[in-house]
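Hi everyone, thanks for coming. I'd like to walk you through one model today, so please have a look at it with me.

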Amino acid sequence: TYLILKSMNIPVSINRHSTITGENKKRLSKLSRRWSRKMATPQIHRARPADSMVISAMNLLENEIGEKLDGEFRQKAHTFALFVENKYDAMQMAYRNSTNAMCIWISSLMEGFAYRQEDIARVCETTAQTIRLQTRQFYDVFGIDKNTIQQNTVEDFVNGIINKNKKVKK
């Protein structure tokens with residue numbers, strides 16, 4: 001069923017599929033790779049683009065927290081994720097589930113929403129610690145810090161208007 005879902009472009013991961021079906025992850029991965037080669041579609045296991053990753057993560061986050069996400073926040077998190085994907089591609093850095101989780105969390109910081117790292121990590125199939133590690137890497141790549149993030153909006157950041165001078169009051 002995993003290969004059928006993947007071939008229909010339904011966003012599914014081996015981790016999520018094995019959790020639902022109870023199948024061993026290692027066995028599922030090995031079998032699906034073998035069968036995809038026989039089906040002449042080995043590219044079926046490629047990483048998903050940030051576009052579909054962030055959309056599915058936002059849908060799962062709504063279910064996880066039990067409330068509807070603000071439409072404007074969804075759009076801004078999507079914009080931010082695509083921006084980061086393009087920058088990471090230019091630097092030949094991978095955009096992973098953990099990067100996706102970090103983008104959603106940083107977007108929530110920038111836009112004043114208080115989504116917990118643990119909730120975001122759970123739906124993105126990563127850990128809160130990994131989000132923090134990805135965030136540190138993001139700060140290094142862009143030469144900014146948490147204060148800078150909190151005093152900017154996604155729109156400003158994506159457009160290159162970054163306020164670095166003010167201190168944020170907590």
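**A buried methionine and the core around it**

Let me start at one residue: Met110 has a relative accessibility of 6%, so it counts as buried. You will find Met110 in helix 6. Before I go on, please keep in mind that this is a predicted model.

What does Met110 touch, once we set aside its neighbours within four places in sequence? The contacts are Phe80, Ile149, Asn152, Thr153, Val154 and Phe157. There is also a pairing across the sequence that I'd like to point out: Met110 and Lys146 are separated by 36 residues along the chain, and their C-alpha atoms are 9.7 Å apart.

Now let's step back to the whole chain. The protein chain has 10 helices and zero strands, so if you read from the N terminus, the order is simply α-α-α-α-α-α-α-α-α-α. Of its 170 residues, 41% are buried. Taking contacts with a separation of 6 or more, 56% are between residues 24 or more positions apart.

On to the inside. The largest nonpolar core contains 36 residues, and the ones with the most contacts within it are Phe80, Val84, Ile104, Ile106, Ile120, Phe138 and Ile149. Which helices supply at least two residues each to this core? They are helix 4 (50–65), helix 5 (71–90), helix 6 (97–110), helix 7 (117–123), helix 8 (128–142) and helix 10 (154–158). Helix 6 gives the largest share, with eight residues.

Not counting residues up to four places away in sequence, Ile104 touches Val54, Ala57, Met58, Leu61, Phe73, Ile120 and Cys124.

Glu62 sits in helix 4. Is Glu62 buried or exposed? Its relative accessible area is 17%, and because the cut-off for buried is under 20%, Glu62 counts as buried. Leaving out residues up to four places away in sequence, Glu62 is in contact with Glu67, Lys68, Leu69 and Arg74.

That's my tour, and I'm happy to go back to any of these spots with you.

Definitions and conventions: Residues are numbered from 1 along each chain as its sequence is written. This is a predicted model: local features need pLDDT of at least 70, side-chain atom pairs count only at pLDDT 80 or more; totals for chains, interfaces and linings use all residues. Side-chain values use heavy atoms; hydrogens and water are left out. Helices (H or I, at least four residues) and strands (E, at least two) are DSSP runs, numbered from the N terminus. Buried means under 20% relative accessible area, exposed over 50%, partly exposed in between (1.4 Å probe, protein chains only). Contact means heavy atoms within 4.5 Å. A nonpolar core is a set of buried Ala, Val, Leu, Ile, Met, Phe, Trp, Tyr and Cys residues joined through side-chain atoms within 4.5 Å.
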